[in-house]
Amino acid sequence: MAILTWDQTGQRLYETGVDRGVLYIPTVGIYDVGYAWNGLTAVTESPSGAEATALYADNIKYLNLYSAEEFGATIEAYTYPDQFNQFDGLASPQTGVTIGQQGRKAFGLSYRTKLGNDTSGNDYGYKLHMIYGCTAAPSEKAYATINDSPEAITFSWEITTVAVSMATLKPTAIVTVDSTKVQAGSLSTLEGALYGTVGTSPRLPLPDEIVTMFAGSQTSVTTTAPTFVPATGVITIPTITGVTYRRADTNAVVTGTVTIAGTAGAFLTIRAAPTTGAYVFSPQSDDDWTFIRT
């Protein structure tokens, strides 16, 4: 293994933005109808719980017991789909007439956040977030006079959730998919479900279905170490499908041969990374090698 380094080129990642909000209406636990949520400005995820309760025995701290973890969120938007009224405690007995303080139903939500880095900016990738079993609490709406500094009203809802069951994992209310780590075909299948396609309505797949979509979507590959001639400083980079080799000092992709410049003692670290999200390294794979010229 090589010495740890920080802030390498291409590895300065960040997450920003929120868009492509979709409201899903469930039918008997199946989120089979979706509507675009325009004007979405923020989604603040607020997990809670998992609080430790210490137990003591034999005059020492014996262990920690943890409370159940829950997921909540805050949705902020300039507007919302008309179909959201039923989830905000509103009823419409006649077109254009709404009655407040009615029952609140559960709904589903998906949205996208952008992933960026120092080389691709905001176009590096994105994450898809899917939330289940949402219930919106009553929210404050502040109406103010128009003045010389006009502002649009921002609506806000506090969301609590009820987790949905999974076959092999604990129940969950949130699923996140990273576009930079999955195969494009599987990602396209998920987006086709979330946003609809020609002839199919948008829907929110349950967590188990999403897991199935991505099962086997990554090909496992085993890295091969570059060969090295210490006397000449020549490193020969192997050609392995799904593996990209880079210099650790510049993050530049290397192929063929690389010569360590300088005299005895000069060194170079070569790192390996999956070429795309369609590949993943096998557990026995090494991903960096340091070579020293003699």
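Guide: Rings of Phe, Tyr and Trp, the last by its six-membered ring, count as a pair if their centres lie within 6.5 Å. The model discussed here is predicted.

Visitor: Is the pair of Tyr 80 and Phe 84 stacked, tilted or edge-to-face?
Guide: The ring centres of Tyr 80 and Phe 84 are 6.0 Å apart, and the planes stand at 65°. Planes over 60 degrees apart count as edge-to-face. The pair of Tyr 80 and Phe 84 is therefore edge-to-face.

Visitor: Is Phe 84 buried or exposed?
Guide: The relative accessible area of Phe 84 is 0%. A value under 20% counts as buried, so Phe 84 is buried.

Visitor: How is the pair of Phe 87 and Phe 107 classed, and what is the angle between the planes?
Guide: The centres of Phe 87 and Phe 107 lie 5.3 Å apart. Planes under 30 degrees apart count as stacked and those over 60 as edge-to-face, with the rest tilted. Phe 87 and Phe 107 form a tilted pair, with an angle of 50°.

Visitor: Which parts of the chain does this pair link?
Guide: The two residues are 20 residues apart, and the pair links distant parts of the chain. Phe 87 is buried at 1% relative accessible area, and Phe 107 is buried at 0%. The parts linked are the loop between β6 and β7, which holds Phe 87, and strand β9, which holds Phe 107.

Visitor: Which residues form one aromatic cluster?
Guide: Both pairs described above have their members in this cluster. The cluster consists of Trp 37, Tyr 80, Phe 84, Phe 87, Phe 107, Phe 155 and Trp 157.

Visitor: Which element gives the largest share of the largest nonpolar core?
Guide: This core has 21 residues, and Trp 37, Phe 84, Phe 107, Trp 157 and Ile 159 touch the most other members. Elements that give two or more residues include β1, β3 and β9. The largest share is four residues, and it comes from β6.

Visitor: Which strand gives the most to the nonpolar patch on the surface?
Guide: The patch is formed by Leu 55, Tyr 62, Leu 63 and Leu 65, with about 370 Å² of accessible area together. Leu 55 lies in strand β4 and counts as partly exposed at 33% relative accessibility. With three residues, the strand that gives the most is β5.

Technical notes
Residues numbered from 1 in each chain as written. Predicted model: local features only at pLDDT ≥ 70, side-chain atom pairs only at ≥ 80, totals over all residues. Heavy atoms only, no water. Patch = residues over 30% accessible without salt bridge, like charges linked within 9 Å, V, L, I, M, F, W, Y side chains within 5 Å. Areas by Shrake-Rupley, 256 points an atom, 1.4 Å probe, with all protein chains shown as cover. Salt bridge = Lys/Arg side-chain N within 4 Å of Asp/Glu carboxyl O. Buried < 20%, exposed > 50% of the residue type's maximum accessible area, 1.4 Å probe, protein only. Core = buried A, V, L, I, M, F, W, Y, C linked by side-chain atoms within 4.5 Å.
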